[in-house]
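Subject: Structure handover

Hi,

Here is the structure I promised to pass on. Please open it first, then read my notes below.

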Amino acid sequence: MSSAILAMHRVGSAGNMSNSVRSRKEKRLTYVLNDADNTKVMLHFSSNVNSHKFIFVDKEAEKVHCAGINCLAVLKSAGPDESDYLFTGSRDGTLKRWAVSEDRATFSATFESHVDWVNDAVLTGGNTLVSCSSDATVKVWNCLSDGSCARTLHQHSDYVTCLAAAEKNSNVIASGGLGGEVFIWDLEAALAPVSKSNDANVDDCSTSTNGLGSLPNTSLRPISSSSNISVHSTQCQGYVPIAAKGHKESVYALATNDRGTLLVSGGTEKVVRVWDPRSGSKTMKLRGHTDNIRALLLDSTGRLWDLAQQRCIHSYAVHTDSVWALASTPTFSHVYSGGRDLSLYLTDLATRESVLLCTKEHPISQLALHDDNIWVATTDSSVHRWPAEVHNPLKVFQRGGSFLAGNLSFSRARASLEGSTPVPVYREPSLSIHGTSAIVQHEILNNRRHVLTKDTAGTVKLWEITRGVVIENYGEVSIPAWFTVDARLGSLSVHLDTPQCFSAEMYSADLSILGKPEDDKINLARETLKGLLAHWLTKRRQRFGSQASANGDVPSGKEMSTRTLTLTRLEGDGHSENDPAVYPPFEFSAASPPSIVTEGSQGGPWRKKATDLDGTEDEKDFPWWVLDCVLNNRLPPRENTKCSFYLHPCEGSTVQILTQGKLSAPRILRIHKVVNYVIEKMVLDKTVDSVNADGTFAPSLPGGQIPHPVVGDGSLRSGLKPWQKLKPSIEILCNNQANMSLATVRAYIWKKPEDLILNYRVVQGR
């Protein structure tokens, strides 16, 4: 027998493999919360009775994943008028079925029974879906049902990490997991009717005709037992899978040939083991990898690993980090590979040429070929389809950009690619199935009813777990970090450092400051300093009376040094007058005033309550930048607070093309202001003209800057301007989200180093 194996390794785990054995004396009750934005929270309770799980489900939340995608499987339709199906398994514990056409993917069903991450899934026998999970189970489903589980197979004692199915033998399934366990299942025998009282290792999950039903007939006899079978001590009677014993450590990858007569496995031992699945006996061990093996492909052409000679023929250094996923063309001439370096490569195994197909924002966890396309799953909750030219991969190489794969480790590959980063062939996927954001941080508040969460999009929410609802949505956190805190003194100490503290701005409307124009920018540090030193300013005016002018000049003997004044006049903030008012969001409590800890140009650090300041303190006591901010309304030089972006019509749209190049605007600018800018140009047909509040035209600004403030939205200001009566309805799109600032879009939606691109289109029927 001459066969070949393609094996790839990766460093670290793509799954939740640490602390896999969770010991607890009492059973746990869990319920998973969903809000209208599809973000989930899971809560656990201890109980002395059997474990139960309550899930509060919003109907829309069922239609998307809220955590990373670990596995993919494609089911081709039986007829030309039927849809193909894509199955996705996620770290949110569910599998989903999607009806896929050329230009869209429609949610079809959720398969919900696992209670932990779904790690792998395979299709076999036409309508049978098999999945495995970190809950230590293998589950069997009718993939065309409404999502009902037909059978749960209990044999693993730890996380089940991988599955393998034989293409031409639908009766054979292999499963591998932590602890070195590999089991070979005869599905026909495993799915035979069982006596629940006698079989502790098989659960009949079907409750209706939506279960698996009858399986296709197979000529293969049930796999016989052998001396390699390992029987659970809890099993009394019933079907027992074959155990392939030999791994001493965890198994992360399995593969079989198309007839199911050969099984290969790999894991943390850095060796590939070859098995006879009919008996579970090990036939050979292949050495050569220097790290964990995470993906395996098996064919019969005699390349890469030669099983007859038990040696490695070729190795390919393409990636600069761990490889997590593999897929091959039907002839095994080309291989697609993805991993932790966020890159998807296509490699010609004969010529050793490789080309970068695309790059992702998250590590690639799984690949699945579909006609001439490839589905790519990542640690994000979305899955994307990319062109792949599966049946004629040479077309991809004809686009250029290929390079020769080295015979090196990925660390050397990383060094060899420095200074010559490959350019991806494709920039955008041909189809995307978007998920929602996963919660990555949480804190239980002291009232033991509220939980504060933050998700991968930066959205912060407050949950009331006794009702399973979000009671406050604080939105995305797109404001720069302008202060630091510590609790070294037993209280909350807030530290302000220049110039970082002056980097955060908000609009007065967002702070609910009455009496100020909604588009006025508020510098948070400046207003905080004004509130913090409000008592000092009052005492100062009382002490010096009319001698202190509005711009902060003080009597002789109290002037700031020439050096300080020279330094501080580097930058103003655009306001000609110093507004002495302290706005409500910045008013400190008089009953419990904060203490100030600082130092000036003379002496050392000092500490005093804000209400104990007597107005005589000056530059010898305060940092010069504090006085310059509070007295002169001047801010030190700061990093750029602008955001550059381009405005393009949506692809296929017939709307007017705006001819300006790169635009810039304050990064706190809301997207709806950009909408108004587009409307101005489309309705008024002005190059870069703006409109004043009275409806007259203002001169254009240099450098392609959006006028600031941009014309307000009619929903925020009373009355319509003359141009607004004619305005069309415009949408600005960046991943279909718009009610946020430019900074938020760039940080959480765009997520790319290059300038932001916003697409606009006319919305019909509004």
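Asn 257 sits in the loop between β18 (251–256) and β19 (263–267). Helices (H or I, at least four residues) and strands (E, at least two) are DSSP runs, numbered from the N terminus. Asn 257 is buried, at 11% relative accessibility. Here buried means under 20% relative accessible area, exposed means over 50%, and partly exposed lies in between (1.4 Å probe, protein chains only). The side chain of Asn 257 makes a polar contact of 2.8 Å with that of Thr 261. A polar contact is a pair of N or O atoms within 3.5 Å; within protein, one must be able to donate a hydrogen and the other to accept it, and residues adjacent in sequence count only if both atoms are side-chain atoms. Leaving out residues up to four places away in sequence, Asn 257 touches Ala 166, Leu 262 and Leu 298. Contact means heavy atoms within 4.5 Å.

Two notes on the source. The model is predicted, so local features need pLDDT of at least 70 and side-chain atom pairs count only at pLDDT 80 or more, while totals for chains, interfaces and linings use all residues. Residues are numbered from 1 along each chain as its sequence is written, and side-chain values use heavy atoms, with hydrogens and water left out.

Next, the salt bridges. A salt bridge is a side-chain nitrogen of Lys or Arg within 4 Å of a carboxyl oxygen of Asp or Glu. By this rule there are 15 salt bridges.

One of them joins Glu 269 and Arg 273, at 3.2 Å from N to O. Arg 273 is buried, at 1% relative accessibility.

Another pairs Glu 505 with Lys 521, with the closest N and O atoms 4.0 Å apart. Glu 505 lies in strand β40 (residues 505–507) and Lys 521 in strand β41 (residues 521–523), so this pair ties together parts that are 16 residues apart in sequence. Glu 505 is buried, at 11%. Lys 521 is partly exposed, at 25%.

Salt bridges that share partners also join Lys 76, Asp 84 and Asp 371 into one network. Lys 76 is partly exposed, at 45% relative accessibility. Asp 84 is buried, with a relative accessible area of 9%.

Now helix α4 (residues 524–532). How many of its residues are buried? Nine of its nine are, so the helix is mostly covered. Among them are Leu 524, Arg 526, Glu 527 and Lys 530. The cover over the buried residues includes β40, β41, α5 (534–544), β42 (595–598) and α7 (624–632). At the start of α4, a side-chain oxygen of Asn 523 comes to within 3.2 Å of the backbone nitrogen of Ala 525.

Last, a sheet. Four strands make an open sheet, in the order β29-β30-β31-β33, with antiparallel pairing. β29 (364–370) and β33 (431–433) stand at the edges with a single partner strand each, so one side of each has no neighbour in the sheet. From one strand to the next, the twist averages 20°. Axes are lines fitted to C-alpha atoms, for helices over the stretch in contact, and angles run from 0 to 180 degrees between N-to-C directions. Two strands pair if DSSP finds at least two bridges between them. Strands β30 (residues 373–378) and β31 (residues 383–387) run antiparallel and are joined by five bridges. Val 376 has His 384 in β31 as its bridge partner.

Best wishes
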